[in-house]
Amino acid sequence: MKAFRRFTVRVQLPANLQPLTELAANLRWSWHRPTQDLFAEIDPEVWAAHGDPQRVLDETTPERLTELSDDADFSTRVAAAANDLAEYRSATAWYGELAARQPVPASIAYFSMEFGITEVLPIYSGGLGILAGDHLKAASDLGLPLIGIGLFYRSGYFRQSLTADGWQIENYPINDPRALPLTPLCDGDDPVLITVSMPGGRRLTARVLVARVGRISLLLLDSDLPENDAELRGVTDRLYGGDQDHRIKQEILLGVGGVRAVREYTRITGTPAPEVFHMNEGHAGFLGLERIRELVTDAQLSFTQAEAAVRASTVFTTHTPVPAGIDRFPMTMVRHYFDADESGSSRLLPDLPVDVICELGDEAAPDIFNMAHLGLRLGQRANGVSKLHGEVSREMFGDLWPGFDTTEVPIGSITNGVHGDTWRSPHWPQDGTLSDAEIWAIRSELRDSLVAEVRRRTYASGRARGHSDAELAWTREVFDSRVLTIGFARRAATYKRLTLMLRDPERLRRLLTDPHRPIQLVVAGKAHPADDGGKSLIQQIVRFTDDPALRGRIVFLPDYDIGMARHIYAGCDVWLNNPVRPMEACGTSGMKSALNGGLNLSILDGWWDEMADGHNGWAIPSADEIGDEHRRDDIEATALYELLENTVVPLYYSSASGQLRTLDDDAIPAGWVDMVRHTIDELAPQVLAERMVREYTTELYSPAAQSFRDACVNDYALARDLADYRDRLALAWPSVAVTGIDEDLPPHSSGVVAPGSRVGLTAHVALGGLDAGEVAVQAVGGTVDAAGEIVDPIVTTLSATGATDSSGRALFTGGLDVARSGRIGYTVRVLPNHRGLAVTSEAGLVRYP
Ligand SMILES: *Cc1c(COP(=O)(O)O)cnc(C)c1O
């Protein structure tokens with residue numbers, strides 16, 4: 001029978017063990033081994049089963065606590081860990097040092113639909129959430145004054161198990177907030193309640209549960225309250241589980257309710273108000289609308305004035321290169337929630353005209369509201385998550401900046417990173433150089449403990465699939481600690497091609513069963529609950545692994561999660577990734593493997609495209625130009641098999657002298673160890689989340705905070721001016737034109753000039769009533785291709801002469817430097833120019849002759 005209600009009985013800790021309460025409550029334990037070791041020591045069994053400090057405290061007997069309390073050594077270590085946490089939280093860190101040198105944001109609000117910090121708090125589904133968790137952890141380490149905002153889901157993301165037939169089944173664990181390290185945000189004794197209006201005069205109420213992540217607070221909105229009717233209670237029931245209507249309510253709560261929660265949090269705690277709002281993916285886009293409403297209501301700004309200030313302080317990060325991966329709602333649904341024909345103050349965002357809201361999410365398809373477009377329109381600064389993804393995003397969203405070359409679309413990139421202390425195994429010493437033998441010994445230990453984990457999980461999965469103990473005797477011997485171990489774990493999304501390795505099953509079989517130099521493969525991954533296609537891919541893999549001739553060398557481990565992932569990343573020698581290029585925005589699992597000396601074997605997609613250097617792993621050649629996906633799969637699978645057979649396997653099974661060795665020969669494979677060493681020394685520092693958060697800070701957060709201050713100073717003078725300018729621009733732009741260009745070529749040159757000369761230009765520009773200083777006039781020159789396109793444009797700005805031609809056009813002059821010989825072309829263009837714009841392409845307006 002199911003429990004009707006639950007509660008937790010907590011024992012009183014002896015005084016000298018009191019600090020354990022704080023150590024369990026701050027999620028820093030999730031990346032601090034000494035603290036983990038303390039909890040493991042209190043109750044090794046509970047720790048091994050749950051890895052949850054709070055649970056250890058809840059389930060420990062008073063007798064055991066007394067025993068520990070009398071153990072002087074233990075209580076000294078408790079005190080030391082508590083001290084360490086206090087020092088960690090108050091240290092100046094990198095951000096403090098940066099702040100001494102340059103202006104930095106007083107605080108930053110980071111919004112995300114999911115956060116993956118530890119498996120104990122399962123409010124994430126995969127890569128996006130774990131990235132957000134790593135962002136918080138690195139921000140905490142670096143001392144950023146960042147506040148995280150997300151939702152608290154009553155059901156965690158599903159746990160995966162398998163039927164006897166290899167079909168995925170889902171179970172939803174219940175998240176009991178009282179058993180988790182969460183504290184309701186209170187104002188005095190009263191819990192803070194956030195409300196947002198819903199159509200029909202209803203109100204959605206949420207409380208705010210605060211998780212502590214090192215020095216950072218993570219605010220999680222929870223709608224499961226008696227104040228709500230059953231439907232609204234269910235808004236935060238689960239992550240990615242409902243229909244679109246459910247989803248838009250979640251996003252309204254996250255965006256609109258999230259801003260309100262931040263306001264309450266900063267008011268109550270005296271934390272400075274954020275100067276930067278970071279939307280981690282389009283799910284959080286509605287936060288920009290609520291901020292516009294605040295300024296319209298409280299500072300009496302117009303919509304466009306408020307928008308200017310909000311844009312200045314908003315950073316938007318896009319995470320998908322797949323148009324189908326973007327969050328889109330029917331326009332009627334957006335109207336329903338933001339207009340609802342309600343009068344006055346009961347509307348969701350009173351004072352904001354719904355038509356203007358709808359325009360912000362407009363896209364080419366009629367009647368669709370696009371959350372990424374909303375993010376791009378409300379964020380002055382935007383980025384993709386790897387260099388390649390930046391390029392793909394500029395292409396994908398180029399239509400929002402018509403008239404500009406793809407390279408000029410104002411979307412940059414910051415490559416994702418992973419949190420070192422979370423993902424690097426404690427087997428690796430913090431510093432010091434290691435000999436070949438030591439590196440190999442650590443790699444072998446890591447492989448060995450993965451083998452133990454594989455055996456444990458394969459047995460458990462077999463039991464769950466209905467097999468008896470006796471039938472599962474073989475699981476005690478699956479895998480071999482000496483064998484080259486390859487990992488492949490990721491969501492079963494089509495583009496990730498879970499089954500590419502099965503393209504030629506016989507060839508894979510030969511690799512697995514080679515008597516002298518075999519490989520072993522560990523596979524894991526969840527399919528979305530509604531994705532039967534993904535589930536059938538998993539089933540194909542599982543059926544392959546069920547073959548008695550192969551099951552010792554290939555396993556599918558159900559329930560891929562942070563806890564399991566850590567073992568696989570650390571233990572595999574090779575990390576395999578074979579997405580359809582360029583569908584993987586970044587990918588982070590290969591980075592976690594690299595931190596542990598794993599060598600990547602991957603299609604040049606996402607992060608690997610920019611970081612593969614020929615010595616830190618292998619690039620699987622991809623056939624991007626082949627349109628026929630079956631042929632493409634064949635070509636790329638063949639390339640994968642060839643790399644394994646001819647390069648990867650022989651290198652692993654060679655001795656220092658370069659001779660091939662067999663399984664029984666324990667000579668150190670020097671060539672392999674060389675690559676491991678190179679990976680740890682050169683690649684690992686680049687894939688850290690610390691590097692990522694530093695880049696966000698200096699490239700996006702600090703400039704955004706500066707733009708925001710500029711926009712707000714003197715009663716929003718710049719924001720008002722920019723809004724006014726945009727209004728006049730809208731009127732003037734149809735008449736703005738380049739009406740003529742005079743060239744000043746050397747006499748008798750007949751159009752041929754020597755390299756190194758300068759061609760003088762005078763442009764005649766119709767300004768449509770704008771001042772000459774309100775536009776930028778640029779000459780763009782470079783080599784032209786056969787189609788007449790300028791391929792490597794160099795931009796120079798022409799200056800206003802103050803004079804006009806006989807027709808009253810303003811004259812602008814300057815020169816085009818011709819550095820090289822060849823076919824050179826140029827053009828002149830006019831763009832908006834205002835101090836409040838970060839780049840000239842920003843307004844999406846340009847005129848060519
Ligand atoms: C890192 C991680 C991911 C994301 O990995 P990708 O390479 O982006 O697929 C997914 N799930 C878990 C549990 C992870 O740790």
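Predicted model: local features only at pLDDT ≥ 70, side-chain atom pairs only at ≥ 80, totals over all residues.
**Reading strands, a helix and rings**

Trainee: How many bridges join β25 to β28?

Mentor: Strands are DSSP runs of E with at least two residues, helices are runs of H or I with at least four, and both are numbered from the N terminus; two strands pair if DSSP finds at least two bridges between them. Here nine bridges join β25 (residues 775-783) to β28, and the two run antiparallel.

Trainee: What is the order of the strands in the open sheet?

Mentor: The six strands, paired antiparallel, follow the order β23-β24-β27-β26-β25-β28. At the edges are β23 (737-744) and β28 (824-832), each pairing on one side only. From one strand to the next the twist averages 30°, with axes taken as lines fitted to C-alpha atoms and angles running from 0 to 180 degrees between N-to-C directions.

Trainee: Is β28 mostly covered or mostly uncovered?

Mentor: Buried means under 20% relative accessible area, exposed over 50%, and partly exposed in between, with a 1.4 Å probe and protein chains only. In β28, seven of its nine residues are buried, so the strand is mostly covered.

Trainee: Why does K592 count as buried?

Mentor: K592 counts as buried because its relative accessibility is 3%. This lysine is found in helix α22 (residues 589-595), and apart from neighbours within four places in sequence, K592 is in contact (heavy atoms within 4.5 Å) with I130, V418, W423 and Y569. An unreviewed UniProt entry places "modified residue: N6-(pyridoxal phosphate)lysine" at K592; such annotations may be inferred rather than shown by experiment.

Trainee: Which rings are linked into a cluster?

Mentor: Rings of Phe, Tyr and Trp (its six-membered ring) pair if their centres lie within 6.5 Å, and planes under 30 degrees apart count as stacked, over 60 as edge-to-face and the rest as tilted. By this rule the count is 16 aromatic pairs. Ring pairs link W440, W618, Y652, Y653 and W672 into a cluster.

Terms used. Residues numbered from 1 in each chain as written. Heavy atoms only, no water.
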